[in-house]
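Have the coordinates open as you read.

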Amino acid sequence: MSRQGRPWTLPGPRRVPPQIDIRKPSAARVYDAILGGKDNFPWDRAVAAEVIAAFPQAATSAMLNRQVLERAVRYLHSRGIDQFLDLGSGLPTARNTHEIARELNPGARVAYVDNDPIVLTHGRAQLVGDAATTVVTADIRHPDTILSNPAITTFLDFSRPIGLVLNGVIHHLNDDEDPHGVVTKLTSALAPGSYLQLTHFSTAGPAAAKLERVLMRSIGSGRMRSADEITAFFDGLELVDPGVVFLPEWRPDRPVAYPLEIGGQLILGGMARRP
């Protein structure tokens, strides 16, 4: 695994631990708590409890979001993609991007990016000795800090197609943070033949408005957007069939049961190719 040279990763007396207010819930740790993970604090678990009270099927939605990631990575592999940029990757959990990709292609390379220093710490611990995977701390709200970061630009070959993974992250950008501009800047930096995979909270789901209020109050992000707003993130790209749909409907491994359960109606997702 590459070394980022940040002060808290240096050995000996030069090491300076990151300043983290653990009493401030983070999206990554709340998500981890909803999935039943252990990398969270009481304040994160309190928010997770609020989320589940507002939307009891939250854990189902979270698991569906992980499952569609696996199907997406398999699809990208089938299209010859062997390098991945996973932004807002969150804390390590079951079936991470690098695990799925490398089962299909042992030479696949994966760069994870998240703005939570705890994600860096846990990711580095999990990936010790893995030279084909790296974890970088950066904030998607400032895409230039990602696209100009040598830890990423020397690790991935931007002259070749990349699979850009935005799985459950863009809904944590508020309208005044220009989420469409962020996505456009990221995809514009990719070589032709690259792909964007994106999932996003939808206004279509039951109790979506109630859930949005809980998330915005507790962690300051978690916007629900309409199908048209979500589809607009793929402007200028070629949508892959079946387009932007509820997660159980995106290239399912088995027949989809209708009506969809409530947990399957919270998140929309899709994939598109840069021509």
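## Salt bridges and cores

D82 and R160 join their side chains in a salt bridge, with N and O 2.7 Å apart. D82 sits in the loop between α3 (58–78) and β1 (83–87), and R160 in the loop between α7 (150–153) and β4 (163–167), so the pair ties together parts that are 78 residues apart in sequence. A salt bridge here is a side-chain nitrogen of Lys or Arg within 4 Å of a carboxyl oxygen of Asp or Glu. Side chains of opposite charge can pair when their charged atoms come close.

Before going on, a word on the basis: this is a predicted model, in which local features need pLDDT of at least 70 and side-chain atom pairs count only at pLDDT 80 or more, while totals for chains, interfaces and linings use all residues. Residues are numbered from 1 along each chain as its sequence is written, and side-chain values use heavy atoms, leaving out hydrogens and water.

The count of salt bridges comes to 13. Three of them are set out here.

| Pair | N to O distance |
|---|---|
| E50 and R217 | 2.3 Å |
| D82 and R160 | 2.7 Å |
| R223 and E212 | 2.9 Å |

In the E50 and R217 salt bridge, E50 belongs to helix α2 (residues 42–54) and R217 to helix α9 (residues 208–218), so parts 167 residues apart in sequence are tied together. How exposed are these side chains? For relative accessible area, buried means under 20%, exposed over 50%, and partly exposed in between (1.4 Å probe, protein chains only). E50 is partly exposed at 30%, and R217 is exposed at 56%. D82 counts as partly exposed at 22%, as does R160 at 33%.

Both R223 and E212, by contrast, are buried. D175, E212, R223 and R225 are linked in a network of salt bridges. Setting aside residues up to four places away in sequence, E212 touches G222, R223 and M224, where contact means heavy atoms within 4.5 Å. The side chain of E212 also reaches the backbone nitrogen of M224 at 2.8 Å.

What holds the nonpolar side? A nonpolar core is a set of buried Ala, Val, Leu, Ile, Met, Phe, Trp, Tyr and Cys residues joined through side-chain atoms within 4.5 Å. The largest has 41 residues, and V51, F84 and M271 have the most contacts inside it. Helix α3 gives the most to this core, with nine residues. Leaving aside neighbours within four places in sequence, V51 is in contact with I34, A58, L211, V214 and L215. Another core lies apart, with 33 residues, among them A151, F158, L198 and L237.

Helix α3 has 21 residues and reaches 31 Å from its first C-alpha to its last, close to the 30 Å expected, that span being 1.5 Å times one less than its number of residues. Just after α3, G80 takes a positive phi of about 85 degrees.

Finally, the whole chain. There are ten helices and eight strands, taken as DSSP runs (H or I of at least four residues for helices, E of at least two for strands) and numbered from the N terminus. Of the 275 residues, 53% count as buried. Among contacts between residues at least 6 apart in sequence, 70% join residues at least 24 apart.

Notes. A polar contact is a pair of N or O atoms within 3.5 Å; within protein, one must be able to donate a hydrogen and the other to accept it, and residues adjacent in sequence count only if both atoms are side-chain atoms.
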